[in-house]
Structures are given as structure tokens and as C-alpha cells.
Amino acid sequence: MAVITVSATGGADHSTISAAIANAGDGDEIRVESGTYVEAIAVTGRTDLTIAAADGADVTIQAPDPTDAAAVVTVDGGSTGIVIDGLNIDGAGRVAHGVQVIGGAVATVSNNDVSGFLSSGVKPTGDGVSAT
């Protein structure tokens, strides 16, 4: 298990959450430093991956294109044991969903502030999501 760091201002392993996910392995933890990250992220085909705000960090993931109907955070492709924790997920008032868990994926979505969406903040498909 590796800890991968993300900081929008530099000094970390990656400057975007998407890049950290692309370079993470199963069982890794991605720790995100304070900042606003304008991107949509997707976790596909992973096992036991955690994406979390670093201790005390104020992290916002904002929809890159508020006219796009895609979710800001998508977990799919049979991913299991995924944890999304301590993030602010902002739809900029237009995007349909904040977090979408689809395709048989299993995820725990906890301690997040999911706001600014036209539809649901968290959209589970099937029994694969636990939101607290």
C-alpha cells in the first residue's frame, strides 16, 4: 500500500486527483491537500482504493463543465472497496449527480459535502454504495 499525495499548488506526487488515480495501485491511499480541483474523476476496475482529504484539508472537487450530465465522481467497472472521504463535491448548479456508483461497483462515501446538483448528490445503482 502506497500513500499518494495530491496538491494543486505543487510539492506533491500529483497536481490532479485524476493523475493520482491513474498512477495508483490496488490498496493505495490518495491524500488530497487543500484546494479546488476542477475535474471529473473516475475510478474503474480498482480494489481497496481510498481517496480522502489530507488531515485538516479543505478540498473541493468542482464540475469541470456544468453543462455536462456526467457525475463529478464516478465509481464503476467492478471496483470494490473504494472509499471517498472528506471532500466537498460541487456541481456548480447544473451537473446531474455528485457521486455515481454504477456497474456493480462497491464504494463507501462518507464525510463529504455534496452540493449544487440538479438531481441527486449521491446516486447508487444497485446495492454497491454506503453513504454516510
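Which residues does Ser7 touch, not counting residues up to four places away in sequence? In this predicted model, the partners of Ser7 are Ala12, His14, Ser15, Glu33 and Tyr37. You will find Ser7 in the loop between β1 (3-6) and α1. Although Ser7 sits in a loop, its relative accessible area is 7%, so Ser7 counts as buried. The side chain of Ser7 also has a polar atom that lies 3.3 Å from the backbone oxygen of Gly10.

Let's step back and take in the whole chain. The protein has 14 strands and one helix. Of its 132 residues, 42% are buried. The exposed surface comes to about 5,800 Å², and carbon and sulfur atoms supply 46% of that area.

Now for the strands. Strands of a sheet pair through backbone hydrogen bonds, and the pairing can be parallel or antiparallel. Here, four strands line up in the order β3-β6-β9-β12 to form an open sheet with parallel pairing. At its edges are β3 (35-38) and β12 (113-115), each of which pairs on one side only. From one strand to the next, the twist averages 15 degrees. To look at one pairing in detail, follow β6 (residues 59-62) alongside β9 (residues 88-90): the two run parallel and are joined by three bridges. Thr60, for example, has Asn88 in β9 as its bridge partner.

What about the interior? In soluble globular proteins, nonpolar side chains tend to be buried together. The largest nonpolar core in this model has 32 residues. Ile17, Ile30, Val32, Ile51, Val73 and Leu87 are the residues with the most contacts inside that core. Helix α1 (residues 17-23) gives the most to the core, contributing three residues.

Asn111 lies between β11 (107-110) and β12, and its phi is near 60 degrees, a positive value in a residue other than glycine. Is Asn111 buried or exposed? Its relative accessibility is 58%, and because the cut-off for exposed is over 50%, Asn111 counts as exposed. Asp48 also has a positive phi without being glycine, with a value near 55 degrees. The loop that holds Asp48 runs between β4 (41-44) and β5 (50-53). With a relative accessibility of 44%, Asp48 counts as partly exposed.

Our last stop is Thr74, in strand β7 (residues 73-76). At 14% relative accessibility, Thr74 falls under the 20% cut-off, so this threonine counts as buried. Which residues is Thr74 in contact with, leaving aside its neighbours within four places in sequence? They are Ile41, Ala42 and Val43, together with Gln100 and Ile102. Thr74 can also be placed relative to Ala40: the two are 34 residues apart in sequence, while their C-alpha atoms are 8.1 Å apart in space.

Definitions and conventions: Residues numbered from 1 in each chain as written. Predicted model: local features only at pLDDT ≥ 70, side-chain atom pairs only at ≥ 80, totals over all residues. Heavy atoms only, no water. Buried < 20%, exposed > 50% of the residue type's maximum accessible area, 1.4 Å probe, protein only. Contact = heavy atoms within 4.5 Å. Pairing = 2+ DSSP bridges. Axes fitted to C-alpha atoms, helices over the stretch in contact; angles between N-to-C directions. Core = buried A, V, L, I, M, F, W, Y, C linked by side-chain atoms within 4.5 Å. Polar contact = N/O pair within 3.5 Å; in protein donor to acceptor, adjacent residues only side chain to side chain. Areas by Shrake-Rupley, 256 points an atom, 1.4 Å probe, with all protein chains shown as cover.
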